[in-house]
Amino acid sequence: MASPIGRKTPRVDGPFKVSGTATYASDFHFPGMLYAVPVEATIANGKIDKLDTGAAEKMPGVRAIFHRANIGKIFRSVMGKGFEGICIERRPPFEDDVVRYYGQYVALAVADTFEAAKAAADAVRVSYSKDKPNVDDDLKPDDDPETVATSYGPEKRLQSERGDAESAFASAPVKVDQTYVTPAETHNPI
C-alpha cells in the first residue's frame, strides 16, 4: 500500500519542532556571513525612472545595494538534462528597468545583519513611470511555447479557462466581498 491516506505518517521532526529544539537554516551563523533583503516593485507595470540608494548605502552595516546599474550582466546557467525547469522565471534578475509585476525585485540590500539589510532595503527610494497593468480578461501568452518546462515537469502554459465570474457571483447563495493579497513568493513557515 503506497498511499499515505488512512495510515499513520511518522513525524520524526515533530518533537523537535514543538519543543523548540529543531534547527533551521536561520539558526546558523558563520563568521563573515551577510544577509540580503530584496527591494520589491510597488507598481504592477511600468518602468523604473530613478533608483535612489544614497541613504541606504550610508547606513551602518550595509555592504552593498545591488541593482541593474551596478551588478553587471547576469547569465543564467544551463541546467543538465532533466533539470531544465527548475527555475520557472527565465528572465535574469535586474535584466532591465521594466517592471512586469508587483513585487518584482528591483534591487538587493546586503548587510552584516538581517535587520540592517531590511532597514537598507526600506530606505531605497524608487520612482516609476507607470503603465496600465494588463488586466484584460482575454489574456494570451506572448511568444512562449504552448508547453513549458517547470520543476514539476512539462506543463501546458494555459492551465485553466475563464468563466463568467459576474454571473456566478450574482447567483451565489453566499457572498463574501473581501480583498486578499498574495505575496509574490510562497514561504513555508512552521
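Visitor: Which residue in E5 is the bridge partner of Pro38?
Guide: Leu108 in E5 is the bridge partner of Pro38. This is a predicted model, where local features need pLDDT of at least 70, side-chain atom pairs count only at pLDDT 80 or more, and totals for chains, interfaces and linings use all residues. Residues are numbered from 1 along each chain as its sequence is written, and side-chain values use heavy atoms, leaving out hydrogens and water.

Visitor: How many bridges join E1 and E5?
Guide: E1 pairs with strand E5, residues 105–111, over 6 bridges in the antiparallel sense. Two strands pair if DSSP finds at least two bridges between them. Strands (E, at least two residues) and helices (H or I, at least four) are DSSP runs, numbered from the N terminus.

Visitor: In what order do the strands of that open sheet come?
Guide: The order is E1-E5-E3, with 3 strands in antiparallel pairing.

Visitor: Why is one side of E1 and of E3 left without a neighbour?
Guide: Strand E1 (35–40) and strand E3 (62–67) are at the edges, and each has a single partner strand, so one side of each lacks a neighbour in the sheet.

Visitor: New topic: where is Arg162?
Guide: Arg162 sits in the loop between strand E8 (153–156) and helix H5 (165–170).

Visitor: Is Arg162 buried or exposed?
Guide: Arg162 is exposed, because its relative accessible area is 58%; buried means under 20%, exposed over 50%, and partly exposed in between (1.4 Å probe, protein chains only).

Visitor: How many residues separate Arg162 and Asp138 in sequence?
Guide: They are 24 residues apart in sequence, while their C-alpha atoms are 8.4 Å apart in space.

Visitor: And where is Tyr180 found?
Guide: Tyr180 belongs to the segment after H5, and this residue counts as exposed at 67% relative accessibility.
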